[in-house]
Amino acid sequence: MSIHNLKRSLRSRLGIGWGLKKKLRIRFKPLVLKLNGTFTTSELIDHLAQTLPRDFEILFIHSSYDGLMPMYRDAVFKLLKALQDFVGPDRTLAMPAFSFGDGPVSWGDWYREHPLFDQVKTTSQMGLLTELFRRQKSSLRSLHPTHSISAMGPLAKELTASHHLAETTFGYGTPYDIMATRKTVILVLGASPYLYLTLVHHAEDLLGERFPAFAGAEMIPVQLRNAQGEEIPYSLRHIRYKGSRNMNRLPNLLGKQTISTWKFHGVPLAWAWASDISNGLLKAAEAGKTIYQ
């Protein structure tokens, strides 16, 4: 059976797309490896070097380490070191360090019951790679309960210093605003960009109540404990939107060429300029079009 027919047969039997869940990748590991082959850290970095634009100031990486498996053959520590080397000392590497609490409750309910965010001790819930990056000695973390980021490099301080001083989570003065105005490449490793592109919220917070799907906001009192152990009172914005979010609307709102998506040995990858995402969604919102339906 040809590779093409093997892929088609596997999709048919599982009744799903090629985005196999972890348990199915484990169950069908020999077949998955036969279909996609394997790759090393150096092969991935070489591929990124040939694919991504080189003239960026910031590389912001969303990742799913599980999404690289079982094709990826090296350890996560090696991947992190290679990404740091790829960005180099003259540019800035950044990753999400989001924390939404534990258990089945929403993050809003969690912070109502547990109103403390610790900049040092609260872990990133955005995957193993992001938590290892957060723990690096030279990595700085912004002070925000739900959507903090970690950064390393020349612009790390600028990105992280004033997140808690901004009036919104994603708008003016936040790391996302800085990324949208700097030459920032958003890279998604091992997952669909339509699940991970947090920068879509930049336009929402810039427009505030003028955003077409805005339905109201409440403030949740929270204490922020910084790296020096000081506690700072903070009002966490919890915004409600009209309708449900549908990230699959992004290609129509932004244009299909804005977000480049492809697969490397079966691993989903994507990249886009942060400014293109923000500007495109601002333009769409001004025309009454959003990712909410």
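The chain in this predicted model holds 13 helices and 10 strands. Its radius of gyration comes out at 20 Å, close to the 19 Å that the globule rule gives for 293 residues, so the chain is as compact as a globular protein of that length.

Seven of them make up an open sheet with mixed pairing, in the order 4-5-2-1-6-10-9. The edges belong to strand 4 (140–141) and strand 9 (260–264); each has a single partner strand, so one side of each is left without a neighbour in the sheet. At the strand 4 end, strand 4 pairs with strand 5 (residues 149–152) over two bridges, in the antiparallel sense.

Helix 4 lies across strand 6 (184–189), strand 9 and strand 10 (267–273), and it runs at about 155 degrees to strand 9. Helix 5 also packs on the sheet, where it touches strand 1 (58–63), strand 2 (92–96), strand 5 and strand 6. The direction of helix 5 makes about 140 degrees with that of strand 2.

These two helices also pack on each other. Helix 4 (residues 41–51) and helix 5 (residues 76–87) meet at an angle of about 30 degrees, and their axes are 10 Å apart. That angle makes helix 4 roughly parallel to helix 5. Their crossing is right-handed. On the helix 4 side the contact is made by Thr-41, Leu-44, Ile-45, Leu-48 and Ala-49, while helix 5 brings in Lys-78, Leu-79, Ala-82, Leu-83 and Phe-86. Sorted by class, the contact of helix 4 with helix 5 has eight nonpolar residues, one polar and one charged.

Another open sheet is built from three strands in the order 3-7-8, again with mixed pairing. Here strand 3 (116–118) and strand 8 (231–241) stand at the edges with a single partner strand each, so one side of each is left without a neighbour in the sheet. Direction ignored, neighbouring strands of this sheet are turned by 40 degrees against each other on average.

Within that sheet, strand 7 (residues 214–225) and strand 8 run antiparallel and are joined by 11 bridges. Two of the pairs can be picked out by name: Gln-223 has Pro-233 of strand 8 as its bridge partner, and Met-219 has Arg-237 of strand 8. The two strands form a hairpin, with five residues between them. In the turn sits Gly-229, with a positive phi of about 85 degrees.

Helix 11 (residues 200–207) packs against helix 13 (residues 274–286) at an angle of about 50 degrees, with the axes 8 Å apart. Helix 11 and helix 13 are therefore oblique to each other, and helix 11 passes helix 13 in a right-handed crossing. The contact draws on Val-200, His-202, Ala-203, Leu-206 and Leu-207 of helix 11, and on Ile-277, Ser-278, Leu-281, Leu-282 and Ala-285 of helix 13. By class, this contact of helix 11 with helix 13 has eight nonpolar and two polar residues, and no charged ones.

Note on methods. Residues are numbered from 1 along each chain as its sequence is written. This is a predicted model: local features need pLDDT of at least 70, side-chain atom pairs count only at pLDDT 80 or more; totals for chains, interfaces and linings use all residues. Side-chain values use heavy atoms; hydrogens and water are left out. Axes are lines fitted to C-alpha atoms, for helices over the stretch in contact, and angles run from 0 to 180 degrees between N-to-C directions. Helices (H or I, at least four residues) and strands (E, at least two) are DSSP runs, numbered from the N terminus. Angles under 35 degrees count as roughly parallel, over 145 as roughly antiparallel, 65 to 115 as roughly perpendicular and the rest as oblique. A crossing is left-handed if the near helix is turned anticlockwise from the far one by less than a right angle, and right-handed if clockwise. Contact means heavy atoms within 4.5 Å. Ala, Val, Leu, Ile, Met, Phe, Trp, Tyr, Cys and Pro count as nonpolar, Asp, Glu, Lys and Arg as charged, and the others, Gly among them, as polar. Two strands pair if DSSP finds at least two bridges between them. The radius of gyration is taken over C-alpha atoms; the globule rule is 2.2 Å times the number of residues to the power 0.38.
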